[in-house]
Amino acid sequence: MKTYRVAIVGTGGIAAFHASNLAQTDNRAELVGACDVDDARLQAFADQHGIPGRYQSLAELLAEAKPDIVHLCTPPMLHIDQAIECLEAGAHVLSEKPPALSLADFDRLSSAESKGGAQFSCVFQHRFGDASTAARSLIGGGDFGRPLVARCDTLWYRPDEYFDLPWRGTWEAEGGGPTMGHGIHQFDLLLHLLGPWEEVTAIASRQARPTSTEDLSAALLQFENGAAATIINSLLSPRETSDIRIDCEFATIELSHLYGYNSNDWAITPAPGHEEQVSGAWSSQPLERGSGHSAQFLAMYEALDAGLPLPAGADSARQTLELAAAIYASAFTGRPVRRGEIVPGHPFYGGMDGEGRGTRALASTSRS
Ligand SMILES: NC(=O)c1ccc[n+]([C@@H]2O[C@H](COP(=O)([O-])OP(=O)(O)OC[C@H]3O[C@@H](n4cnc5c(N)ncnc54)[C@H](O)[C@@H]3O)[C@@H](O)[C@H]2O)c1
């Protein structure tokens, strides 16, 4: 099996997770280079993880370290341009979320992907635990039945000081608040489990935090398969939890965790009369591996080995970004938004703030 040459760009908080998770991939990855504009941080990071190639520019890293895969661990506003630079140089990209600040920016990827022959993937590590794979295969099948109703809550707490980092809490640098930056993981998993959404109605407000974006959003979704779901994305919740609950015809599926799960964070409750079929179906699934970055890295290597499209690739990452854009569009226009409606020319295509609509709406309702 091939060992992939990997580089990390941006050596701040999440980069440490990438480095430690790369070390858990059974030697499938060799960390050959790191890049940061902050040289002191770069050197300390590279020393700690034994990385030989150290660069202050992405162009130099690509030319000299020649990585197969580049992990983008930089602030959100840099992801898309750096992704395009890597793809055009022929390096696969694993970008931290959010993949881009707008659908317009994201759509610039497709020509870069076709030019260099390399592929884009977004870090959505919750898709990659065994229990998520099991739930995905059972939802809608004969044992669990049709999904009918769901909820998806990201109830996190971020104090005022959290926003001291210059790129946090602004439309220009982060693209939004908890919808884009925090709940995106959880509703990405909801979409992974339930498939395409059809229509969303949402609200967003700034209740308490010193940001220029929302610190709370709530959405009501209709899915193509008929299921209805609510989504809450909050940074205001002292008892933090990340929850998904899906009620199918014959079983309730529940996941309750915070930043990552093991299989025992999932609970399955059969409907009366369906105990044997539901418990049998769940217990016949492999349920060893939890979620996490290393699980996604390994899935990426397997896809590359087999010459297959990358998991959490551009198409599915775009669907998640489109839902974020639609939540903002609905919240700031007061109308339901249908999937596929936000196209070039739509005010929320070019940015999650909808050409200032978000800023104006939040200013008039802000309680902070
Ligand atoms: N997947 C997850 O669970 C998860 C968790 C936390 C953060 N994130 C995401 O990871 C990304 C980074 O977050 P963080 O908390 O590590 O941020 P951070 O500010 O701690 O680190 C970012 C690093 O990028 C460097 N940088 C800035 N401009 C650069 C450039 N042009 N070239 C190279 N390096 C540059 C900075 O100097 C800094 O060291 C964000 O998009 C964030 O949303 C993901």
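Predicted model: local features only at pLDDT ≥ 70, side-chain atom pairs only at ≥ 80, totals over all residues.
A residue counts as buried if 20 or more other C-beta atoms lie within 10 Å of its own, as exposed if 12 or fewer do, and as partly exposed in between, with C-beta atoms placed from the backbone. Where they touch, domain 1 puts in 19 residues and domain 2 puts in 25 residues; two residues are in contact if their C-beta atoms, placed from the backbone, lie within 7 Å. On the domain 1 side, helix H5 (103–106) and helix H12 (293–306) are the elements that give two or more residues. Helices (H or I, at least four residues) and strands (E, at least two) are DSSP runs, numbered from the N terminus. That side of domain 1 has 14 nonpolar residues, four polar and one charged. In this count Ala, Val, Leu, Ile, Met, Phe, Trp, Tyr, Cys and Pro are nonpolar, Asp, Glu, Lys and Arg are charged, and the others, Gly among them, are polar.

Next comes the core. A nonpolar core is a set of buried Ala, Val, Leu, Ile, Met, Phe, Trp, Tyr and Cys residues joined through C-beta atoms within 7 Å. The largest one holds 107 residues, and Leu190, Ala325 and Tyr328 touch the most other members. Helix H13 (residues 314–333) is the top contributor, with twelve residues. Both domain 1 and domain 2 supply at least three residues to this core. With residues up to four places away in sequence left out, Tyr328 touches Gly176, Thr179, Ala204, Phe348, Met352, Gly354 and Gly358.

There is also an open sheet of six strands, in the order S3-S2-S1-S4-S5-S6, with parallel pairing. Two strands pair if DSSP finds at least two bridges between them. Strand S3 (53–55) and strand S6 (120–122) are the edges, each pairing on one side only. Strand S2 (residues 29–35) pairs with S3 over three bridges, in the parallel sense, and glycine 33 has glycine 53 of S3 as its bridge partner.

Leucine 22, in helix H1 (residues 13–22), is buried because 22 other C-beta atoms lie within 10 Å. Beyond its neighbours within four places in sequence, leucine 22 is in contact with Val6, Ala29, Leu31 and Phe297. Glutamine 43 belongs to helix H2 (residues 39–49) and is partly exposed, with 15 other C-beta atoms within 10 Å. The C-alpha atoms of glutamine 43 and arginine 54 are 7.3 Å apart, although eleven residues separate the two along the chain.

Most residues other than glycine have a negative phi, and most peptide bonds are trans. Lysine 66 is not a glycine, yet has a positive phi of about 45°; the loop between helix H3 (58–65) and strand S4 (69–72) is where lysine 66 is found. Glutamate 355, also not a glycine, has a positive phi of about 55° and sits in the loop between strand S14 (337–338) and helix H14 (357–365). Glutamate 355 is partly exposed because 14 other C-beta atoms lie within 10 Å. The peptide bond from lysine 97 to proline 98 is cis, with omega near -10°, and proline 98 lies in the loop between strand S5 (92–95) and H5.

Note on methods. Residues numbered from 1 in each chain as written. Domains from an automatic or database assignment.
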